[in-house]
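Have the sequence and the model side by side.

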Amino acid sequence: MTETDVVVIGGGQSGLAVGYYLRRTDLSFVLLDDQKGPGGAWRHGWSSLRLFSPAQWSSLPGRLLSQRTDSEYPHRDEVLDYLAWYEGNYELPVERLVRVKSVRPVGERLMVETDMGAWSARAVVSATGTWSRPYVPEYPGGDRFRGEQLHSARYERPDSYAGRRVLVVGGGNSGAQIMAEVAPVADATWVTLEPPNFLPDDVDGRVLFDQATQRYRARQEGRDPGPAYTLGDIVMVPPVRRARDRGDLQAVRPPERFTDGGVVWPDGREEAVDAVIWCTGFEPALDHLAPLGLVRSDGRVTTEGTRSVGEPRVWLVGYGSWTGFASATLIGVGRTARATVDEIVASLEPTP
Ligand code: FAD
């Protein structure tokens with residue numbers, strides 16, 4: 001068993017941002033990550049995935065992503081390169097291929113049990129993201145469907161769908177981007193709960209972040225935040241714009257039910273389907289916190305800022321707005337990470 005002040009669970013962008021600030025303290029710490037290399041969820045993004053926010057708006061604290069690439073909207077591999085460089089440059093102590101199974105209180109400390117031994121810590125930061133918990137909605141007959149099913153978490157490229165009858169399900173950015181590249185090669189149908197909301201062509205991740213920041217400040221100052229674009233709306237990155245212009249982004253409402261070989265639409269029409277690509281989002285990966293009894297039925301933990309209310313030696317970083325404003329983005333997680341480390345330092349300081 002290894003003793004340390006702080007264990008950070010997860011070595012993706014959120015874990016690295018927390019590590020960046022921990023490194024500036026006197027605390028001992030380690031990052032435990034179950035992947036074989038740097039990058040967290042970005043290791044699993046599809047082949048053509050690009051940021052929807054420009055490089056200078058997509059950086060962790062310390063070094064701008066735009067200092068590592070000339071691309072305006074960097075490709076997944078450029079983000080991976082940046083995160084690997086970041087980890088090495090700041091000498092962040094990441095232990096790889098270590099899967100955390102549970103966190104339990106043992107006296108004054110927390111025991112972090114993994115498949116590679118145990119760590120005993122005074123504080124734990126959970127930064128495990130959502131990518132390993134893909135969400136697939138339940139549909140009547142869904143368990144009978146014998147065709148191929150894949151979540152966007154595992155989608156790589158359109159080639160394997162060539163000439164097949166495919167449903168792309170989900171009205172967010174993943175659904176739009178995957179539909180944009182599957183539609184030209186397959187007999188594809190885009191299924192969304194509501195008609196998709198396309199943002200104006202000139203609104204990218206930077207505009208969304210600016211606007212969200214202004215609204216956040218307005219709310220904090222008790223002002224009316226006014227109307228806004230929604231963060232889940234579709235950013236018209238060039239491939240999506242081209243698909244819309246080709247007429248490939250016509251969406252239909254969901255089928256009534258699945259059958260062995262396809263779907264039945266609300267008008268009663270049956271249609272054969274070979275494959276379904278679920279672009280239906282993710283849930284927080286928090287199984288390791290189960291022994292602490294903190295995870296609510298909605299899959300989240302009650303926090304004040306990022307600190308767990310039920311177990312104040314545990315912090316949660318990077319899962320979305322419930323763990324800090326824009327904390328699931330490269331540019332947003334830095335602020336949350338700094339506040340988290342400030343709190344950890346204050347809580348571990350010996351009381352005078
Ligand atoms: P992750 O990157 O998932 O890292 C968590 C790490 O913890 C992983 O390595 C995981 O394997 C590991 N882990 C999980 N459980 C355990 C365990 N029990 N033990 C040990 N290790 C564990 N953001 C932007 O800023 N700009 C964009 O343009 C943008 N585009 C996106 C496009 C798509 C399609 C998606 C899905 C996301 C996009 N994001 C973007 C958001 C961003 O990629 C994610 O929010 C981000 O990867 C989350 O980082 P994280 O460190 O919190 O989690």
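What follows starts with how to read the model.

This is a predicted model, in which local features need pLDDT of at least 70, side-chain atom pairs count only at pLDDT 80 or more, and totals for chains, interfaces and linings use all residues. Residues are numbered from 1 along each chain as its sequence is written, and side-chain values use heavy atoms, with hydrogens and water left out.

The chain splits into domain 1 (2–131 + 282–347) and domain 2 (148–198 + 234–278). These bounds come from an automatic or database domain assignment. Their centres, taken over C-alpha atoms, lie 32 Å apart.

Now the interface. Contact (heavy atoms within 4.5 Å) involves 8 residues of domain 1 and 13 residues of domain 2. About 930 Å² is buried between the two domains, and carbon and sulfur atoms give 56% of this area. Buried area is the accessible area (1.4 Å probe) that two parts lose on being put together, summed over both.

Next comes the sheet. Strands here are DSSP runs of E, at least two residues, and helices are runs of H or I, at least four, numbered from the N terminus. Two strands pair if DSSP finds at least two bridges between them. The open sheet has 5 strands in the order β7-β14-β8-β9-β10, with parallel pairing. β7 (148–151) and β10 (251–252) are the edges; each has a single partner strand, so one side of each lacks a neighbour in the sheet. Strand β9 (residues 187–191) is joined to β10 by 2 bridges. In one of these strands, β10, Val252 is the bridge partner of Val191.
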